[in-house]
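I set aside the afternoon to go through this one with a notebook open. Here is what I looked up, entry by entry.

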Amino acid sequence: MRISRMAPEVATPRVVARTGGLLTAMGGLAAIALVLGSPGGLAGIHPAISALGPATTVLGLAVMRWGHRIPRVFFQVLMIVGAVGIGVFGYCSPTVDGAVAVLALMAFASMDAFLFFPLLWGLGFLVELLAIGAVVVVLRGDVAVGPALVLGVLVVGSAGAIGVLARRAASAGEDALTGLVNRRGFDELLDAAVRTAMRTGEPLAAALFDLDHFKAVNDSRGHAAGDELLRAVADTWRQALPRGAVLARHGGDEFSLLLPGHDGDRALRCADALRAALPGIGTSVGVAQIELGDSPSDLMRRADAALYRVKTLGRGRSELDAGGQSPMARDLATALADGQAGGLSVHLQPIVTPADGEIAGVEALVRWTHPERGMVPPMDFVPVAEQEGLIGALGAFVWVAACRDARTLSDALGRDLVLTVNVSGLELDDPGFPDRVLAALAGTGWPAGRTVVEVTESLVEAETTRSVRALHTLRAHGLRVAIDDFGTGYSALSRLDTLPTDYLKLDNSFVSTITTSSRRARLLRSVMALADALDLVLIAEGVETPEQARTLRELGCPLAQGYLYGRPRPVGELVAELTPAAEAAVGS
């Protein structure tokens, strides 16, 4: 069923217990005050009725203290019994004013019902209250019609107002398309669940779901079909959730699942069961169990890392974050904490204009010298950083070091250079990524207008909402975007006019054959014409021979890089090599 038919989102067990218990206790105190303030005091009231007030007060205080451990149905029974108790006490009240005052407590009961329980149940309870009030008024015979009608209007009006406000507040955390919790609501529930798990020691797990190739549905059948698919998935999963679980839609085709009381293995089985409930729809899932000291973001980051591994290694399955770190991950974490002292550095590879060989920019490439293993290739430690949740810290180091070193080189040469930096897909999908990049630029003084974010064609192919939003955010601040390894995929070509792209970095497989294949040379000329038509700048990668460089010059390629022009090196070596040449050029 939809959330709108259920209890509002504010109806957490602890809030229900405290509010319901408080109202119950206040009702008991009001009953005690009424008894003591009645003519004759206790003498004029039946002993059983006199004891109702103190008993109700004690019950309310007990509910406030321990009620969050009690099933929700207990509160519904308590309210039904309480409504009958209000009627009995109103009927037995020795005065008309006392009877009206007691019946007025029904307004609190009606507000409680609409605040914490499903709409249909609240309406039924309201009917019960009005029926009890009418019976009391008729049986007593001394309550005037006017006050009775005013009392009825008060009860109905209070219930309606609270019902509207409670459901309006709940809808702020609701996804309009599926009726599930949205990301805002999920984050609030996640914070509360993590606090509870840390306090009680109970297990807690979370999972992130991604519908495989969902974009193909939108592209081939239209967004209406995609929306219908998302609603069908939500309805199917909603019916299969274990007790206490929270299913949310983060946006796009991303869903998240919060599983209080579940350890990692049990959560993984739950994820597999949900995937199996969608025959014919491929689903990738990353699962993580909370560990000591985890924050809510830590838990979701590890689930996200597990999901990223699934998507990278073939999709269509579930994976549990293993927890802990591999030896290389521990060493890399130590190196990140120590910075350059830990063996991490950035090397810069020149980007030149083939026409004259002059340096126009540099690409920043991370390097790591392990204290025992020596030089560790990026292809070995970057995937570890992605898998172990270190890619954000590694990216932050690279951005600061790259901007600082590029500024050093630019100042030494006395010319403006372009800086390009590779970005991991997992890093780009991190909501905090744009802020980290902008902070690095501000801290080093490197201009945004001379900075290019490199993303791979396969990453662009995935085109997640958060990734594309991050690129748009950075471009709005003056940065530029390059598609790296262009030509190795198959789907980015059709979206070059819609994606935030400024540069195309042609894969070196093109350059390596342009001197031996006339067809490949013609294809390169066509790609250059395409880039020019779309106002994109082409950078040819992998230039290793003078013949390749000559062909690029003849074709009019604007920018190129490769071992022929220079290998990636520390900024100090580049300054030492290029500065004398720059001075000689100025002197001549």
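The entries below cover helix packing, salt bridges, and a few single residues.

**Before starting**

I reminded myself that this is a predicted model.

**Entry 1: α4 against α5**

I began with helix α4, residues 96–104, and its packing on α5. The angle between them came out at about 10 degrees, and their axes are 5 Å apart. Angles under 35 degrees count as roughly parallel, and α4 and α5 are therefore roughly parallel to each other. I then listed who makes the contact: Val102, Leu103 and Ala104 from α4, with Met106, Ala107 and Phe108 from α5. Sorted by class, the contact of α4 with α5 has six nonpolar residues, no polar and no charged ones.

**Entry 2: α5 against α6**

Next I followed α5 (residues 106–116) to its packing with helix α6 (residues 119–140). How do α5 and α6 run relative to each other, parallel or antiparallel? I found an angle of about 165 degrees, with the axes 8 Å apart. The cut-off for roughly antiparallel is over 145, so that is how α5 and α6 are described. I also noted that their crossing is right-handed.

On the α5 side I wrote down Met106, Ala109, Ser110, Ala113 and Phe114. Their partners in α6 include Leu119, Trp121, Phe125, Leu129 and Ile132. The contact of α5 with α6 divides into 11 nonpolar residues, three polar and no charged. Met106 is on my list for α4 with α5 and again on my list for α5 with α6.

**Entry 3: salt bridges**

Arginine 302 pairs with aspartate 294, and their closest N and O atoms are 2.5 Å apart. Are these two buried or exposed? Arginine 302 counts as buried, at 8% relative accessibility, and aspartate 294 is buried too, at 12%. I also saw that the pair belongs to a network of salt bridges linking Glu291, Asp294, Arg302 and Asp321.

Glutamate 358 pairs with arginine 415, at 3.2 Å between the closest N and O atoms. I checked where each one sits: glutamate 358 is in strand β7 (358–370), and arginine 415 is in the loop between α15 (391–413) and β9 (418–422). The pair therefore ties together parts that are 57 residues apart in sequence. Glutamate 358 is partly exposed, at 38% relative accessible area, and arginine 415 is partly exposed at 28%.

Aspartate 411 and arginine 407 meet through their side chains in a salt bridge of 3.8 Å, N to O. Both are in helix α15, four residues apart, which puts about one helical turn between them. An α-helix has 3.6 residues a turn, so residues three or four places apart point the same way. Aspartate 411 is exposed at 55% relative accessibility, while arginine 407 is partly exposed at 39%.

**Entry 4: α14 and what comes after**

Which residues of helix α14 (378–387) are buried? I noted Phe381, Val384, Ala385 and Glu386. Just after α14, glycine 389 takes a positive phi of about 75 degrees.

**Entry 5: positive phi outside glycine**

I then turned to positive phi values in residues other than glycine. Histidine 213 has a phi near 60 degrees. Histidine 213 is in the loop between β1 (204–211) and α9 (214–221), and at 56% relative accessibility it counts as exposed.

Aspartate 535 also has a phi near 60 degrees, again a positive value in a residue other than glycine. I placed aspartate 535 in the loop between α21 (518–533) and β13 (537–540). Aspartate 535 is exposed, with a relative accessible area of 70%.

**Entry 6: threonine 501**

My last stop was threonine 501, in the loop between β11 (480–486) and β12 (503–506). What does threonine 501 touch? Leaving out residues up to four places away in sequence, I listed Arg475, Val481, Ile483 and Leu536.

Definitions and conventions
Residues numbered from 1 in each chain as written. Predicted model: local features only at pLDDT ≥ 70, side-chain atom pairs only at ≥ 80, totals over all residues. Heavy atoms only, no water. Axes fitted to C-alpha atoms, helices over the stretch in contact; angles between N-to-C directions. Helix = DSSP H or I, 4+ residues; strand = E, 2+ residues; numbered from the N terminus. Parallel < 35°, antiparallel > 145°, perpendicular 65-115°, else oblique. Left-handed = near helix turned anticlockwise from the far one by under 90°. Contact = heavy atoms within 4.5 Å. Nonpolar A, V, L, I, M, F, W, Y, C, P; charged D, E, K, R; others polar. Salt bridge = Lys/Arg side-chain N within 4 Å of Asp/Glu carboxyl O. Buried < 20%, exposed > 50% of the residue type's maximum accessible area, 1.4 Å probe, protein only.
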